Amino acid sequence: MKDFVLIFRGVNDDPSNQLSPQQMQDIMTNWQNWMGGIAAQNKLVSGGYRLGDEISTLKPGNVVTDGPYAEIKEMLSGLIVVKADSLAEAKEIAKGCPILMINGSVEVRSVIVMN
Amino acid sequence: MQKEKELIPQLYRAEFRKLVSVLSRSFGLEHIELAEDIVSEAFLTAAETWGIKGVPNNPVAWLYTVAKNSAKDQLKRHNLFESKITTHLQQDHTPAYETEIDLSTQNIRDSQLQMMFAICHPAIPPEAQIGLSLRILCGFSIDEIADAFLTNKENINKRLFRARQKLKEAHIAIEVPPVTEINKRIEAVLTTVYLLFNEGYYSQSHNTILRRDLCLEAMRLNYLLLENTATDTPAVNALMALMCFHSSRFDSRLDEHGEVVLYDDQDSSLWNQELIAKGNYYLNKAAQGNEVTTYHFEAAIAYWHTTKAAEKWEHILQTYNKLLQLRYSPIAALNRTYALYKVYGKAIAITEAEKLNLESSHLYHCLLGNLYTGEDNQKALEHFSTAISLTKSSVDKKAIRKQMIKIGQL
Amino acid sequence: MKDFVLLFRNAGEPMNTLSPQQMQNLMTDWQNWMGGIAAQDKLSNSGYRLSTEGNTLKANNVTTDGPFAEIKEILTGVAIIKAETLEEANELAKGCPILKVGGSVEVRGVIVMNMDYNK
């Protein structure tokens, strides 16, 4: 079993795409069900981090800016760490992520084990 | 004569632990058997003299006086020994023991609390903690402990002997831990209290009265923690709520033949409403403050099981989702999958269940047997058969066979 | 005290432009920097180094090989620290050695998950 980091990116809020409270609730429920399912398989290493609106970026030369690294429409919204035997298995887990149903993306990365 | 026969065992259960806790503070944990012996002697004396001279007006006070005097004698002898011998040998001087023995209600309560922390110490192995708790904190007799663990007196005595050794080797102080350590130490205490409760709740012993006593004792110990401000934490309240909710169904869990009655078949009129109300009270108390522990989630789930509300399974599923993210356990994983079935149906639950990787667990096969019933009876029967082969409990085997027979009748 | 996630990105080229000695120094600097944060009891999780092996999944079952590459600077690691404010987190992040080799650090405040138990 190895660790894999799953990084979630959502699309920035487009005013015309606002979700209704019920839709938000459903997404939350789907999310909890998906996380719960991973946890039930004992494959959740870290319960995960939801990333909020407090954002800074530091660059070389002591540059500190407000906001994310790049002003692209895909914003990092969270990450979790799971256990799996292979990248393929981690990918299968990631496929169930509810963010894919609202046009977001999931980046799956294997972890370099430090000695 | 009959009165004495019942009185002394009752007094033993109620007072043994109080006296031993107080005396242990005077003697120290290295001499814990001395404390136990002195108190046991007092009860023996009671048994002998009350039969002849009659039961005293205040039996408890009588016992306390005898125990106290006997203890003071022992302590004086120790101090005398110390002062005579140490001056002679000029070796390092162990301090004289305080010969005053305070048997006030306050001190009795404090001593028991301190004893709880001493016994439920991370340095002591869990089995040892349970044994010592049953003996010293709860005042169960060796016979009763043997019955609860389905073993014999010799084994229990051996276990307790080893446990006392561990207690001495660890050099644990009898005190309530300082504020900085208390939350961590309470965790260890609560683990043992919960284990004790589960011994009673899930025990295979046929002695229903004893099993109920075990549950009650666990709750009483928890109550000691609640009564003390420093230990009245959200986690302690959550565990109390959990135990109240579980105990409320104690009477409906077994039928008159001693066989398990599954939750869906239980007669809810047998559920103890007073305990449910108490559970709600403690759950609300547990919600105050910032701490959320696995006990909170388990208590919430237990709360939902006391209701027949239509939306309960959605709540139960979501609570298991959170519980599992906080801490994984195979039981929670299986129960979560059952809740998934109740909310989303069998097909989804079966898919999720088969990802659990718990094929060596009989409970896993019971769950799948359940889920496949009516969907694929052949598979259901296979799973139930596997479940039977994996469990050693005759009670469980019987219950599973019942479910297999039901399939035949479908 | 709140958690802040630090997301490390490289300079847009793989790290193999560094000599073995430079790599070694970078590793040492990294350990020292992390150690410093840990010594202040502000390290929640020393985090993960991400290998270049990965997949990116998008809507409609689209999967591509490799890390997310809408921008050329890919994520190389993640760590979690504790601080009272974003400014304080920035101060801690400033010492990150990746900044000396052209990389960057994105600092993100964590939203505390709702752990209500539905009563």
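Predicted model: local features only at pLDDT ≥ 70, side-chain atom pairs only at ≥ 80, totals over all residues.

**First stop: chain A**

Select chain A on its own. Its secondary structure consists of two helices and five strands, and from the N terminus on these elements run β-α-β-β-β-α-β. Along the principal axes, the C-alpha trace of chain A spans about 45 × 40 × 20 Å. The chain has 115 residues, and buried residues make up 38% of them. Of the contacts in chain A with a separation of 6 or more, 75% are accounted for by residues 24 or more positions apart.

**Second stop: chain C**

Now select chain C. Here the secondary structure comes to two helices and five strands, in the order β-α-β-β-β-α-β from the N terminus on. The C-alpha atoms of chain C fill a box of roughly 55 × 45 × 20 Å along the principal axes. Of the 119 residues in chain C, buried residues make up 32%. Residues 24 or more positions apart supply 74% of the contacts in chain C with a separation of 6 or more.

Display chains A and C together. How many residues does the contact take from each of chain A and chain C? Chain A contributes 39 residues and chain C contributes 37 residues. On the chain A side, at least two residues each come from strand E1 (2-11), strand E2 (44-59), strand E4 (74-84), helix H2 (87-95) and strand E5 (105-112). E2(A) provides the largest share of that side, with 10 residues. Colouring the side of chain A that touches chain C by residue class gives 23 nonpolar, six polar and 10 charged residues.

Next, select E5(A) together with strand E2 of chain C, residues 43-58. To locate the pairing, centre the view on Val111(A), which stands opposite Leu50(C) in E2(C).

The C-alpha atoms of chain B fill a box of roughly 85 × 50 × 40 Å, taken along the principal axes. Of its 410 residues, 37% count as buried. Residues 24 or more positions apart account for 63% of the contacts in chain B with a separation of 6 or more.

Select residues 126-137 of chain B, which form helix H5. Why is H5(B) described as largely enclosed by the rest of the structure? The reason is that 10 of its 12 residues are buried. The buried residues include Ile130(B), Leu132(B), Leu134(B), Ile136(B) and Leu137(B), and also Gln129(B), Ser133(B) and Arg135(B). Just after H5(B), select Gly139(B), which takes a positive phi of about 70 degrees.

Select residues 330-344 (helix H14) and residues 346-353 (helix H15) of chain B. The two axes come within 7 Å and cross at roughly 155 degrees. That angle makes H14(B) roughly antiparallel to H15(B). The crossing of H14(B) and H15(B) is right-handed. Show side chains for Thr337(B), Leu340(B), Tyr341(B) and Tyr344(B) in H14(B), which meet Lys346(B), Ile348(B), Ala349(B), Glu352(B) and Ala353(B) in H15(B). By class, the residues of this contact are six nonpolar, one polar and two charged.

**Last stop: helix H1 of chain A against helix H13 of chain B**

From H1(A), the contact is made by Gln32(A), Asn33(A), Met35(A), Gly36(A), Ala39(A) and Ala40(A). From H13(B), it is made by Gln318(B), Tyr320(B), Asn321(B), Leu324(B) and Gln325(B). The residues of the contact of H1(A) with H13(B) divide into five nonpolar, six polar and no charged.

Terms used: Residues numbered from 1 in each chain as written. Chains lettered and ligands numbered in written order. Contact = placed C-beta atoms within 7 Å. Helix = DSSP H or I, 4+ residues; strand = E, 2+ residues; numbered from the N terminus. Nonpolar A, V, L, I, M, F, W, Y, C, P; charged D, E, K, R; others polar. Pairing = 2+ DSSP bridges. Buried ≥ 20, exposed ≤ 12 C-beta atoms within 10 Å, placed from the backbone. Axes fitted to C-alpha atoms, helices over the stretch in contact; angles between N-to-C directions. Parallel < 35°, antiparallel > 145°, perpendicular 65-115°, else oblique. Left-handed = near helix turned anticlockwise from the far one by under 90°.
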